Amino acid sequence: MAGEAAERRHLLDVDDLTREDVERVLETARSFSEVMRRPIKKVPSLRGKTVVNLFYEPSTRTRLSFEVAAKRLSADVLNFTASTSSVEKGESLKDTALTLRAMGVDAVVIRHPVAGTPWLLRRWLDVSVLNAGDGMHAHPTQALLDLFTMRERLGDLEGRTIAYVGDILHSRVARSGFKACLAMGMRVVAVAPPTLLPPVLPEGVEVSYDLDEVIPRCDVLYMLRVQKERLLEGRFPSPQEYSRFYQLNLERLRAARPGVVVMHPGPMNRGMEIASEVADAPHAAITAQVAAGVAVRMAVLFLLLGMGERGD
Amino acid sequence: MADLLLRGARVIDPFQGLDEVLDVAVSRGRVSEVGKGLSGEGREVLEAEGLVLSPGFLDMHVHLRDPGREDEETLESGLEAAVRGGFTAVCCMPNTDPPLDNAPLVEDLVLRARGLGLADLFPVGCVTRGREGKELAEMGLMFASAARVRAFSDDGDPVVDSGLMRRALQYVRRFGGVIISHPEDVSLSRGGQVNEGRVSFALGLRSIPALAEEVMVARDLLLAEETGARLHLAHLSTAGSVRLLREAKARGVRVTAEATPHHLVLSELDIRDYDPVYKVNPPLRTPEDVKELRRALADGTLDAVATDHAPHSPEEKEREFDYAPFGVVGMESAFPVLYTQLVEKGELGLPVLIERLTLGPARALGLEPPDYGEGVRPGARADLVLLDTVTEWVIDASAFASRGKNCPFHGWKVRGRVVLTIKGGKVVYRAPDYRWSREQGEKVRERT
């Protein structure tokens, strides 16, 4: 992804990357995670580069994670959030893109509530576009940081089994996660009530409505956030009923393999999809995911923006 | 106006079941002679050998945005687009601002259209007052007006209330009107952007299941059957709808139906890079649905092709997929796209395609001479279109007469060009760069 081809200058979804690209990101991320243990957590790799965080959707952790990652690479970071920008005055995405182009920025990290928006941005901008989450569609850096976290805990991922549990239908984390896990040779199970599953799942993804049946087979239990909005849409009758069948609690965890990894993209609804005791148990890799997020985003920014000019 | 002689075209006239190479003379607004070896003396002669001559097409489903959104289309730009596409008659849908729900409004439109002298306009009136779905619009008064409105629809939205839809169907029996259904159960489609299935999951866009259409098709077929009224189903898009339609027709329900060129040619797999030019309602469906629509068009289960021409401004269409409006323009690309994709590929005979663009929609609407459909015979009003099915050319949406440039066929290589449209004996469109070949027997057209 170092810029041989024009489309390689972007990271829009996991399938932009070959398996070798993924390995390269994970390797690079590992070396950056060492940088983060140093007293001075900064390298000069992207000095003079400007990264814009273009966030049309509220997000604390992803925006902060990208910001920290870019700053640790010594890039200049501009934050542009929908609530404080000219978007409120009705500026179109196209005009915003043309404005950023005119400013000569090097990369745009975009989070947007509408699927596909990074693809439109790429059409109007000639700089690197990084997708930080588009609607229900994709969240490639999340998928990469999840792979990184699993790798740290489990070693080789080939043949391992991961269950994504919860609101698969509306989840960009699951959509990108499926692709990433399948590409690494993992077995993938989607667990949810039928109303939170799409009518057709990608080839290779197994479906189950029964969390208890799936738990003993898994190396990773990936719990997805269930939003209150889904209740209003009538996708399940009550939070109590949902958690009765799909919450990961200590009792359920007892049926799991020793060394099972519990993950969650955050923010968690404690007491809904995950019990507090589980979120804080040693099985949980949830804070490790956050740390991995910074390292992986450093790696992605570095590979997209830094490698093309190795001669510097 | 000089008399015209169109010499040696293949005349395809579904109104007479005619398909023959003939000369056609036009004088004082009417077809004066049809035959072989007609004299060119005193007439402007157009050597039309190798070309196809048809009665002017009828597009029974267009959005002209007039009144209310004249930035997107006006009566004039819309009717200009029509004649460039070979349509000498169009039905405009009433979802304008204000909606076409009363006699003075439809009369005004028709009178303005007459003044333009391009295509005939047959407005579709609202079923319900203000398109609000609450009480019946004055359909009888619209019928009795100078606009002679025969077809009614709340298109853009369904008539949600089944009781009201039933009464509308009952009521129009009084004067032989037809209700055009926009078959969509909004409780199943709300918020949806693309067809539900593999593609909606991959794109991460909210979905519209085939069921959203089929549930409403089933309801309206039952209502039509029970009331005995005439029902027309707009823009069918799924194999399931075709099955329901086929069964209803076999039972003798008085129903007709249309499909659009985009649903007959494109599928959900054509949606590229989230370009909202592919965002239409109903959504582009699966390749299997497309196949079934084509079969139904060929065997007559689908009576008409209608474009659902829906112009939008670039500001509205060039934006995030969810925020862009539904719809594509279609009048200036309809014939060439269908000719190239269906006729050239052997799925549909040219006479059948022309039937679905002329007689089929006329029957669905109950339009008869002298309003429409006199055909190509002596004494008939000269509403004609001349087509070149030989020369390849490229569709350029930026050159459309329509103000809407939102055309998914922009850049497509096609054949089946409209080279001349005659309305009431007057040439209302002539392809600007077209050179008429003088070489008898040559089927190859030259272009400058």
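Is B:Tyr171 buried, partly exposed or exposed? With a relative accessible area of 36%, B:Tyr171 is partly exposed, on a scale where buried means under 20% relative accessible area, exposed over 50% and partly exposed in between (1.4 Å probe, protein chains only). The model is predicted, so local features need pLDDT of at least 70 and side-chain atom pairs count only at pLDDT 80 or more, whereas totals for chains, interfaces and linings use all residues. Residues are numbered from 1 along each chain as its sequence is written, chains are lettered from A and ligands numbered from 1 in the order in which they are written, and side-chain values use heavy atoms, with hydrogens and water left out.

Rings of Phe, Tyr and Trp (its six-membered ring) pair if their centres lie within 6.5 Å; planes under 30 degrees apart count as stacked, over 60 as edge-to-face and the rest as tilted. By this rule there are 16 aromatic pairs over all chains. One of them joins A:Phe32 and A:Phe302 edge-to-face, at 5.5 Å centre to centre and 80 degrees between the planes. This pair links distant parts of the chain, 270 residues apart: A:Phe32 sits in helix 1 (residues 19–35) of chain A, and A:Phe302 in helix 12 (residues 286–306) of chain A. Helices (H or I, at least four residues) and strands (E, at least two) are DSSP runs, numbered from the N terminus. A:Phe32 is buried at 6% relative accessibility, and A:Phe302 is buried with a relative accessible area of 19%. In chain B, the ring centres of B:Tyr171 and B:Phe175 are 6.5 Å apart with the planes at 80 degrees, so this pair is edge-to-face. B:Phe175, at 12% relative accessibility, is buried. An aromatic cluster brings together A:Tyr164, A:Phe178, A:Tyr222 and B:Phe201.

The strands come next; two strands pair if DSSP finds at least two bridges between them. In chain A, strand 3 (residues 107–112) and strand 4 pair in the parallel sense over 5 bridges, and A:Ile110 has A:Asn131 in strand 4 as its bridge partner. The chain passes from strand 3 through helix 4 (residues 117–124) of chain A to strand 4, a β-α-β crossover that is right-handed; that is, with the strands pointing away from the viewer, the path from the first strand over the helix to the second runs clockwise. Strand 4 (residues 128–134) of chain A has 7 of its 7 residues buried, so the rest of the structure largely encloses this strand.

In chain B, strand 19 and strand 20 (residues 426–430) pair in the antiparallel sense over 4 bridges, with B:Thr421 opposite B:Tyr429 in strand 20. The two strands form a hairpin with 2 residues between them, and B:Gly424 in the turn has a positive phi of about 55 degrees. B:Arg417 belongs to strand 19 (residues 417–423) of chain B and is buried, with a relative accessible area of 11%. From C-alpha to C-alpha, B:Arg417 and B:Arg272 are 27 Å apart in space, and they are 145 residues apart in sequence.

Charged contacts complete the survey. A salt bridge is a side-chain nitrogen of Lys or Arg within 4 Å of a carboxyl oxygen of Asp or Glu, and a search of the whole structure finds 57 salt bridges over all chains. A:Arg19 and A:Glu23 form one of these, at 3.8 Å, N to O. Both residues lie in helix 1 of chain A, 4 residues apart, about one turn of the helix. A:Arg19 is partly exposed with a relative accessible area of 34%, and A:Glu23 is partly exposed with 23%. In chain B, the side chains of B:Glu226 and B:Arg166 meet in a salt bridge at 2.8 Å, N to O. B:Glu226 counts as partly exposed at 47% relative accessibility, as does B:Arg166 at 36%. A network of salt bridges links A:Asp167, A:Glu229, A:Arg230, A:Glu233 and A:Arg235.
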